[in-house]
Amino acid sequence: QVRLVESGGGSVQAGGSLRLSCAASERFFSINTMGWYRQIPGKQRERVATVSAGGSLNYATSVKGRFTISRDDAKNAVSLQMDSLKPGDTAVYYCNVVGRRWSGANDYAYWGQGTQVTVSS
């Protein structure tokens, strides 16, 4: 079973920066989309940023210009650089990979275990 291992969460003051990283424990035959989502207790999980296999980037309006997503297909890894953090960015952040483990398989969505990001004012 593939695991997505996240790192880089923590606590920071408003205006600070954090970098989240996520790497798959096993290789994929192919990866479609990689991304980051976040969730606040009592609310639905929301998309923060995604990057497609072709390199197309999508960001939530609330993080545009502050967050940067990048992927490393050789390492089956994805990162999220978060700058100018705000208290409203406080949430549990989840890594997401949509891909297939072997030829002929269907794409499947894998999730990390989540990492807490806390931004204080």
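Predicted model: local features only at pLDDT ≥ 70, side-chain atom pairs only at ≥ 80, totals over all residues.
Now look at where the two partners come from. Phe28 is in the loop between β3 (18-24) and β4 (30-39), while Tyr110 is in strand β10 (residues 108-111), so the pair links distant parts of the chain, 82 residues apart. Both Phe28 and Tyr110 are buried.

Next one: Tyr37 and Trp111. Here we have another edge-to-face pair, with the centres 5.0 Å apart and 70° between the planes. Tyr37 belongs to strand β4 and Trp111 to strand β10, so this pair ties together parts that lie 74 residues apart in sequence. Buried or exposed, what about Tyr37? Tyr37 is buried, with a relative accessible area of 19%, and the cut-off for buried is under 20%. Trp111, on the other hand, is partly exposed, at a relative accessible area of 38%.

Trp111 comes up again when we turn to charges over rings. The charged end of Arg45 sits over the ring of Trp111, 4.7 Å from its centre. Arg45 also lies over the face of Tyr94, and there the distance from the ring centre is 3.7 Å.

Okay, on to salt bridges. How many salt bridges does a search of the whole structure find? The search finds six. Let me walk you through some of them. Glu26 forms a salt bridge with Arg101, and their closest N and O atoms are 2.9 Å apart. Glu26 lies in the loop between β3 and β4, and Arg101 in the loop between β9 (91-100) and β10, so parts 75 residues apart in sequence get tied together. Glu26 is partly exposed, with 34% relative accessible area, and Arg101 is partly exposed too, with 23%.

Then there's Arg38 with Asp89, where the closest N and O atoms are 3.0 Å apart. This pair links distant parts of the chain as well: Arg38 sits in strand β4, Asp89 in the loop between β8 (77-82) and β9, and they are 51 residues apart. Arg38 is buried, and Asp89 is buried as well.

The side chains of Arg100 and Asp107 meet in a salt bridge too, at 3.2 Å from N to O. Arg100 counts as partly exposed at 27% relative accessibility, and Asp107 counts as partly exposed at 34%.

Last stop, the cysteines. The search of the whole structure finds one disulfide. Which residue does Cys22 join up with? The partner is Cys95, with 2.0 Å from S to S. Cys22 is in strand β3 and Cys95 in strand β9, so the bond ties together parts 73 residues apart in sequence. The torsion about the S-S bond is about -75°, so this disulfide is left-handed. Cys22 and Cys95 are both buried.

Definitions and conventions
Residues numbered from 1 in each chain as written. Heavy atoms only, no water. Helix = DSSP H or I, 4+ residues; strand = E, 2+ residues; numbered from the N terminus. Buried < 20%, exposed > 50% of the residue type's maximum accessible area, 1.4 Å probe, protein only. Phe/Tyr/Trp six-rings, centres within 6.5 Å; stacked < 30°, edge-to-face > 60°. Lys NZ or Arg CZ within 6 Å of the ring centre and 35° of its normal. Salt bridge = Lys/Arg side-chain N within 4 Å of Asp/Glu carboxyl O. Disulfide = S-S within 2.5 Å.
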